[in-house]
Amino acid sequence: MVALGALFQLSVLTFVPGSLKTGGLTDANFRAVLAPQYLRYIWDTIVLSALTTILTLLASYPVAYALARTPSARVRSLILVLTLAPFFTGAIVRTYAWMLVLGQSFIKWPVKLLFEPEGVLIGLVHFSMPTMILILAAAISHIDPVYERAAASLGARPSRVFLRVTLPLSLPGIVSGSLVVFAWTFSAFPTPELLGGGRVKMIANVVKDLALDSFNWPGSGAFAVVALVVTLLVLAVTSRMLGREAAADGHRPA
Amino acid sequence: MNTTVVALEGVSKRYGAVQALDAVDLAVYEGEMLSLLGPSGCGKTTTLNVIAGFVEPEEGRVLLDGDDVTRQPAWRRGLGVVFQSYALFPHMSVADNVAFGLRERGVPRADVAARVREALTLVRLPEAGPLRPSQLSGGMQQRVALARALVIRPRVLLLDEPLAALDRKLREEMRAELKDIQREVGITTVFVTHDQHEALGLSDRVAVMNAGRIEQLGSPREVYEQPATRFVADFIGASTVLEGRVVDARTVVLAGGQRVEVHLPRVLSAGATVRLVVRPERVAVGGGAGGAANVLRARIASVMFLGDHSELRLDLDGGGRLLATVSGPALFQPGDAATISVPPDAFLEVPTTASL
């Protein structure tokens, strides 16, 4: 709360170029960061976060399903170890590893990935998958397999059982996993900083540029406040939309 | 004359170290209601799951109308299953639950609505269609589960402890209703239960299971009156097992020294050891049962008043314990001496070799 208060205070003070000292009260910072070149970064961040969320969901669901449903304890712990491995390497090491992989030195990629949005997207998805997998697996393992048996006994082939029973019943996990991944991708810093190479910028990178390269602390404060408001708005809207649906489908075994 | 609908041939299934099913043979006839009765872990639910196609046996074959369906997945078998927890889909309305199987079969939309209505009327819930399962009571959910299973017009109806989750009064009502519906539809039914009253009251035939085997298969009266093994005698109905030694074809000396006359279908050889089962309702306490009855001396060990009847535990003079029921309250106190009479045909024999 104190940090947020300081951020807000900074954002309404006048920027004096060439000095870290600030002047009197002003709304000039907000008018400046609401200019198109800054709004573009916010829009880029929303798009990247949304894409990351969707791709993470698609990539994680099969892994989470296997984790929740495999009868073999050995397979389960193998999946779990592979899922959690990135957690033990730390953000910086992992991101430098991606720079090596995405660069053209080890693998000759047909399209350029490093320092492009595609490369940042790959890094963000990888970064988000463990969390998504764990949230989804928890939701799937809470679905009583008797529902799947019931659907099969009524003539549904496995793909239909999945579409009509398993998937809708795992919706609460899909909603909470997506919200978590969206929120933390929105504030991502090291991944776009290193894999974007200054060409792909998300909100956190712009805040850092303003604060540490231009020494425009009030400007960066204003931008951070705007970003915070946008994040809260996006989260409120999506959780309201998805939450209502999930509540209607909320499952409580008899 | 009896057409076999479902047949199990030498079906075995093992879970780790546990032999859940041990070479089970079973034939279910057209239109009958057959119950699988036994304690938990006896293999009755595994048997049902093998028939339904949820569990694949390691050995043996499953036949449906003579066709080998052992390797056929559940969704191809066309059987109706009612689960113990009902397993109604919580994210769908009652009508959508009942319609599920019809939609999977590609039944035209107009027919789906009509058949759903028909099925809900059959289970006496014609108005429940738009509700969510969570808005229904346990008994109502049970009926919806039955409607969902019956609406696809399954070849066989499989019921897994369908009444176990209901409270006692509702369970007795549903028991009668289940029987009516089954008779109305005339569908071949396999019914899993651990409750002997359910099994005896509902079924045409009862398969009593223990440790992965069928101990006895017969009509409710057969398994009650002529238990094939000591396990069946113990499990079905309260009963007492007395040991004795054969004196001649009609006379047995009980372990406690008292002599009784018996009428057993098998010719007894003198000197052999026999195990005799006596049902508690055949034991008369106090007043003589008349004529040919054996009169025995005993002492009351305990009295339990159960409303419409009382249950007495009796210690026979010289040894041996006997269970007796009398209607209404019992006029005895523990420790009282009592004369009891048991008619000769009340003694049933169970094989001495059968282990408990």
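Colleague: Is the crossing of helix 3 of chain B and helix 5 of chain B left-handed or right-handed?
Modeller: This is a predicted model, in which local features need pLDDT of at least 70, side-chain atom pairs count only at pLDDT 80 or more, and totals for chains, interfaces and linings use all residues; side-chain values use heavy atoms, without hydrogens and water. Residues are numbered from 1 along each chain as its sequence is written, while chains are lettered from A and ligands numbered from 1 in the order in which they are written. A crossing is left-handed if the near helix is turned anticlockwise from the far one by less than a right angle, and right-handed if clockwise. The crossing of helix 3 of chain B and helix 5 of chain B is right-handed.

Colleague: How are helix 3 of chain B and helix 5 of chain B oriented to each other?
Modeller: Helix 3 covers residues 94–104 of chain B and helix 5 covers residues 138–150 of chain B; helices are DSSP runs (H or I, at least four residues), strands likewise (E, at least two), numbered from the N terminus. Their axes are 7 Å apart and they pack at an angle of about 30°, taken between N-to-C directions on a scale from 0 to 180 degrees, with axes fitted to C-alpha atoms over the stretch in contact. Angles under 35 degrees count as roughly parallel, over 145 as roughly antiparallel, 65 to 115 as roughly perpendicular and the rest as oblique. Helix 3 of chain B and helix 5 of chain B are therefore roughly parallel.

Colleague: Which residues of helix 5 of chain B make the contact with helix 3 of chain B?
Modeller: Contact means heavy atoms within 4.5 Å. Helix 3 of chain B brings B:Val94, B:Asn97 and B:Val98, and helix 5 of chain B brings B:Val144, B:Ala147 and B:Arg148.

Colleague: How are helix 3 of chain A and helix 4 of chain A oriented to each other?
Modeller: Helix 4 of chain A spans residues 73–89, and the axes of helix 3 of chain A and helix 4 of chain A come within 8 Å. The two cross at roughly 140°, in a left-handed crossing. Helix 3 of chain A and helix 4 of chain A are therefore oblique.

Colleague: How many charged residues are in the contact of helix 3 of chain A with helix 4 of chain A?
Modeller: A:Val63, A:Ala66 and A:Leu67 of helix 3 of chain A meet A:Arg76, A:Ile79, A:Leu80 and A:Thr83 of helix 4 of chain A. Ala, Val, Leu, Ile, Met, Phe, Trp, Tyr, Cys and Pro count as nonpolar, Asp, Glu, Lys and Arg as charged, and the others, Gly among them, as polar. The residues divide into five nonpolar, one polar and, for charged, one.

Colleague: What area do chain A and chain B bury between them?
Modeller: The contact takes 22 residues from chain A and 24 residues from chain B. Buried area is the accessible area (1.4 Å probe) that two parts lose on being put together, summed over both. With 63% of it on carbon and sulfur atoms, the area buried is about 2200 Å².

Colleague: Which residue of chain A forms a salt bridge with B:Glu104?
Modeller: A salt bridge is a side-chain nitrogen of Lys or Arg within 4 Å of a carboxyl oxygen of Asp or Glu. The rule finds two salt bridges across the interface of chain A and chain B. With closest N and O atoms 2.9 Å apart, the partner of B:Glu104 is A:Arg160.

Colleague: Where do A:Arg40 and A:Asp44 lie?
Modeller: A:Arg40 forms a salt bridge with A:Asp44, with the closest N and O atoms 3.6 Å apart. The two are four residues apart, about one turn of the helix, and both lie in helix 3 (residues 36–69) of chain A.
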